[in-house]
Amino acid sequence: MKRALGLMAEFGTPDEVTAAARTLRASGYRQLDAYVPYPVEGLDEALGFRRSWLNWGAGAAGAFGAAFAFWIQWITNHRLLPLNIGGRPSFAIAAFLIIVFETMVLFTGVAAFVLFFWTCRLPKLAHPLFRVEGFESASVDRFWLGVSADDDQFDVERTESELRRLGATRIEIARGVS
Amino acid sequence: MALIVGQPTDAELTDQLLSPLWGRKSRGWLIAYAIAGLGTLVLLVLATWTVCVGIGLWGNNIPVAWAFAITNFVWWIGIGHAGTFISAILLLFEQRWRTSINRFAEAMTLFAVMQAGLFPILHLGRPWFFYWLLPYPATMQVWPNFKSALPWDAAAVFTYFTISLLFWYLGALPDLAAVRDRTPKRWQKVVYGVLALGWRGSVNHLRHYRIVYGLLGGLATPLVLSVHSVVSSDFAIAQLSGWHSTIFPPYFVAGAIFSGFAMVLTLMVPIRRVFRFQNVITDDHLDNVGKLLLATGWVVDYAYFCEWALAWYGGEKGEMYTMFHGLPFSENAWAFWITMFCNVVVTQAFWFRRVRRSAAIAWVLSIVINIGMWCERFSIIVLSLQRGHLPSMWHAYHPTFVDWGILFGTIAFFALLYLGFLRWFPVVPTSEVRELNHTLARERAEARP
């Protein structure tokens, strides 16, 4: 028998899952996550998640991209191969800015994309949750609340009865090796 | 405004929007796919021939060195802009009507930019040296000249394509997961399971997802304005009459969004009819796209007027000649008059509510506008080049069948990619439509006393 990773409870509406998350958190649970078919307003606060930090990471990458593009244009067009075309300056900030801008956007976007997958530990094609019966509905019209077995408050029977009291229509045990 | 007709449940919506992926292939689709495949084959043959023999196969000459290749490039790139406008700018403005149409508009962007990218590469003559545009450490120590508009172009188009692709794919993740979970076919579970990358709708992931999605939308927004501005610099920084003008960046951006909306309409009408998506792509969607066509059309018309007014007021001989004689009366002047007819006259039909809301009429007009916009780029490029400052250099341009073949070949290739997308990809963002459905239901409940 594989170790129980936690309990998964299915809810019918976004309001129920948000209310359940808020109640569980208020009664001391900390290792919670929800699985929803579309973003639910206020659910991340109810679960105690903080705002994502990714925009700062992406912004840093963008700043680096801009500096890099400026440096490469400066060193190639001004230092290594200054071309005199119609007497125009070889160090031409206005002309360089376009590529600086495009590179900044490119680095920001790619960094945001890569950092997103890195923080979420995706791609992960095989995950214990996919073996939870009925979990397919999480991408369609049901809202699942997960309580990790690592939570200090976790106790299979007690947590299950709490979830049921909060209106869960279905409760499954997630099992896995991790 | 009716964004979703009726009050469907989430499961009903999901099944309706995704079922084309596992439904039976229609005969119409197969025939269309076969025709598009044949056209793509023509493109492949002609492009290969061009690469082997050289661009002497085209009608290009000196002074008309850019001709079809750059006309097609500008036209295709411009078409892409409306997709980004819908998916990014309307996202930032919180326009809900973008929800159901943003996925296929963004796909249009990607496929259009792919066609656009072919032309500068083929036009190089020796496409295998395309990497000379990049600053790589070569033994000859020759570096690209970054004060030229061509490296700007390369940077702008590459960034545009990459950001659009990431934005589009990220937006599709929840839908790919929904296909994985909902499809009755085993092989689709595997394929879409891999494409969904293990997405499980975790709120812990979603809090990052929403930031990144918004960020990519925010990044794509300035690209709508910058890409065609950079493309217009290819012209504006040259000394040629008809090109050397500061009005070019906004003029090109407006033209791009205008032609793009025409293409959105061209694609939207058949999609909603064939897939019976009239309940999520409603008449109000048609109406809004029609209004945007009218608005951007007027910006374009105003830009035409400005060009003439500036030439007249400036009084420079070459500019006056190009604007008032070269464009309307020289060889190939048909392009100029078709442009005027399609973009100035025909566009006015969208003042009428009945035209905007009639799918058939709007569809026909959208194709007319597409043709008009192609002719506009043709007249800017070819008609200006034909009549330079030195009359002894004047020379007319005549496209060859290879030119025409490659143009229609890219249209076929676009159609091929698009038909594939319609068949194998979630065309309407189900996750976002469900969210909208939920919001609408809540608003209805609140409105009730």
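# Briefing: a two-chain helical model

In chain B, helix H3 passes helix H14 in a right-handed crossing (the near helix is turned clockwise from the far one by less than a right angle; anticlockwise is left-handed). Helices (H or I, at least four residues) and strands (E, at least two) are DSSP runs, numbered from the N terminus. This is a predicted model, in which local features need pLDDT of at least 70, side-chain atom pairs count only at pLDDT 80 or more, and totals for chains, interfaces and linings use all residues. Residues are numbered from 1 along each chain as its sequence is written, while chains are lettered from A and ligands numbered from 1 in the order in which they are written.

**Chain A**

- Chain A has 5 helices and 4 strands.
- Its elements follow one another along the sequence as β-α-β-α-α-α-β-α-β.
- Chain A has a radius of gyration of 25 Å, but a compact globule of 178 residues would have one near 16 Å (taken over C-alpha atoms; the globule rule is 2.2 Å times the number of residues to the power 0.38).
- The C-alpha trace of chain A spans about 80 × 35 × 30 Å along its principal axes.
- Chain A is assigned two stretches as domain 1, 3-51 and 128-176, and one stretch as domain 2, 54-119 (bounds come from an automatic or database domain assignment).
- The centres of domain 1 and domain 2 of chain A, taken over C-alpha atoms, are 45 Å apart.

**Chain B**

- The secondary structure of chain B consists of 15 helices and 0 strands.
- Along the principal axes, the C-alpha atoms of chain B fill a box of roughly 75 × 55 × 40 Å.

**Helix packing inside chain B**

- Helix H3 (residues 67-92) and helix H14 (residues 401-424) of chain B pack at an angle of about 15°, and their axes are 10 Å apart (axes are lines fitted to C-alpha atoms, for helices over the stretch in contact, with angles from 0 to 180 degrees between N-to-C directions).
- H3(B) is therefore roughly parallel to H14(B) (under 35 degrees is roughly parallel, over 145 roughly antiparallel, 65 to 115 roughly perpendicular, the rest oblique).
- H3(B) brings B:Phe68, B:Asn72 and B:Trp76 to this contact, and H14(B) brings B:Asp403, B:Leu407 and B:Thr410 (contact: C-beta atoms, placed from the backbone, within 7 Å).
- The contact of H3(B) with H14(B) has 3 nonpolar, 2 polar and 1 charged residues (Ala, Val, Leu, Ile, Met, Phe, Trp, Tyr, Cys and Pro count as nonpolar, Asp, Glu, Lys and Arg as charged, the others, Gly among them, as polar).
- Helix H4 (residues 102-123) and helix H8 (residues 248-274) of chain B cross at roughly 130°, with axes that come within 10 Å.
- That angle makes H4(B) oblique to H8(B).
- The crossing of H4(B) past H8(B) is right-handed.
- On H4(B), B:Phe104, B:Ala105 and B:Met108 meet B:Met263, B:Val264, B:Leu267 and B:Ile271 of H8(B).
- The contact of H4(B) with H8(B) counts 7 nonpolar residues, no polar and no charged.

**Where the chains meet**

- Chain A and chain B each put 53 residues into their contact.
- On the side of chain B that touches chain A, at least two residues each come from helix H1 (10-18), helix H5 (149-182), helix H6 (186-195), helix H7 (203-236) and helix H15 (430-447).
- H7(B) gives the most to that side of chain B, with 16 residues.
- The side of chain B that touches chain A has 28 nonpolar, 16 polar and 9 charged residues.

**A helix pair across the chains**

- The axes of H4(A) and H7(B) come within 10 Å and cross at roughly 160°.
- H4(A) is therefore roughly antiparallel to H7(B).
- H4(A) and H7(B) have a left-handed crossing.
- From H4(A), the contact residues include A:Phe101, A:Val105, A:Ala112, A:Phe113 and A:Phe116.
- From H7(B), they include B:Tyr209, B:Val212, B:Leu215, B:Leu219 and B:Leu223.
- The contact of H4(A) with H7(B) has 13 nonpolar residues, 5 polar and no charged.

**Backbone details**

- A:Leu122 and A:Pro123 are joined by a cis peptide bond, with omega near -5°.
- A:Pro123 sits in the loop between helix H4 (93-119) and strand E3 (143-148) of chain A.
- A:Arg121 lies in the loop between H4 and E3 of chain A.
- A:Arg121 has a phi near 50°, a positive value in a residue other than glycine.
- In chain B, the peptide bond from B:Ile62 to B:Pro63 is cis, with omega about 20°.
- B:Pro63 is in the loop between helix H2 (27-53) and H3 of chain B.

Technical notes:
Two residues are in contact if their C-beta atoms, placed from the backbone, lie within 7 Å.
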